[in-house]
Amino acid sequence: MDGDRSEVQRLYDACGAVFSPWRGGGLPTLTQIRWLQVQDILDGMKAADVGIDAGGGDGERSSSSSGGERSPRGRRFLSARAFTRITYVHIHECDDFSIGVFCFPAGATLPLHDHPQMAVLSKLLYGSMRVSSYDWVTAPCSGPRKGGLAKVVAVDELREAPCKASVLFPRSGGNIHALTAVTPCALLDVLAPPYAEDLGRPSTYFCDTPIPALPGFAVLKEARLPEDFRVVGAPYVGPELAVDMDLSDDV
């Protein structure tokens, strides 16, 4: 019965139905993305659904982000208060899509980066962040883009939970973006398909230079990450996933 499935299981099942019919790891269509949106799964996701205690006082708190603790009701949670730097909670990845959560302490920034030939669905689970984003003015002829003219999509746009999920596409919606946590926050990400450098989908970071004579546009140039920048990992301790092994090469 559908009511017996966890929210993260519902999300995984929907992603499998939408993104993996041909096991091709290709770019999802607009129709597929819209179908997933109308299922109203992402919009309803909460931190507790993926095993994170956002500090809501529900009595199911964990004191550690390394492995979580069991609550009196037997559930395990990671504590949002324990994330002292940007932390990625890996939930699932296969050729066609990935699901994971970026957890931010207040003030942390994920520098300007792209998602080449990828669609990204994101849901802010708790807290607030500011988003600055760009789209390329012209699409790359082939391969990932390393620089060029980009148009502004958002400048320090404030997003606060609870809010609806957002979608960005390879050529629209703010495919190149930077995220800065105003308060401790967490962002659930679905990437379709996921990053894969050998398939022409590397993660590239950029610096931006606004063009005073052309408001709303900037020149982006590939940049190195700051030396002290690091994303750490934390285990997923949420509800167990029933994974279709035909779709998965990484469980």
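Predicted model: local features only at pLDDT ≥ 70, side-chain atom pairs only at ≥ 80, totals over all residues.
Visitor: In the hairpin of β13 and β14, which residue in the turn has a positive phi?

Guide: Residues are numbered from 1 along each chain as its sequence is written, and side-chain values use heavy atoms, with hydrogens and water left out. Helices (H or I, at least four residues) and strands (E, at least two) are DSSP runs, numbered from the N terminus. β13 and β14 have six residues between them, and the turn residue with a positive phi of about 90° is Gly216.

Visitor: Now the open six-stranded sheet: which strands stand at its edges?

Guide: The order is β10-β7-β12-β5-β4-β15, with mixed pairing. Each edge strand has a single partner, so one side of it is left without a neighbour in the sheet; these two are β10 (166–168) and β15 (232–234).

Visitor: What angle does the direction of α1 make with that of β12?

Guide: β7 and β12 pair in the antiparallel sense over seven bridges, with Lys123 opposite Leu188. α1 packs on the sheet and touches β4, β5, β7 and β12, where contact means heavy atoms within 4.5 Å. Axes are lines fitted to C-alpha atoms, for helices over the stretch in contact, and angles run from 0 to 180 degrees between N-to-C directions. On that basis, the angle between α1 and β12 is about 25°.

Visitor: Which residues have the most contacts inside the largest nonpolar core?

Guide: Such a core is a set of buried (under 20% relative accessible area, with exposed over 50% and partly exposed in between, 1.4 Å probe, protein chains only) Ala, Val, Leu, Ile, Met, Phe, Trp, Tyr and Cys residues joined through side-chain atoms within 4.5 Å. The largest has 39 residues, and the two with the most contacts inside it are Phe19 and Val101.

Visitor: Which element gives that core its largest share?

Guide: Several elements supply at least two core residues each, including α2 (30–38), β4 (87–93) and β5 (98–104). The largest share, seven residues, comes from α1.

Visitor: How many residues apart in sequence are the parts tied together by Phe19 and Phe97?

Guide: There are four aromatic pairs in the whole structure, counting rings of Phe, Tyr and Trp (its six-membered ring) with centres within 6.5 Å; planes under 30 degrees apart are stacked, over 60 edge-to-face and the rest tilted. Phe19 and Phe97 have ring centres 6.3 Å apart and planes at 50°, so they are tilted. Phe19 lies in helix α1 and Phe97 in the loop between β4 and β5, so the separation of the parts they tie together is 78 residues.

Visitor: Where does pLDDT stay under 50?

Guide: The chain's mean pLDDT is 86, and 84% of its residues reach 70 or more. The stretch under 50, with 42 contacts beyond four places in sequence, is residues 56–72.

Key. Pairing = 2+ DSSP bridges. pLDDT = per-residue confidence, 0-100.
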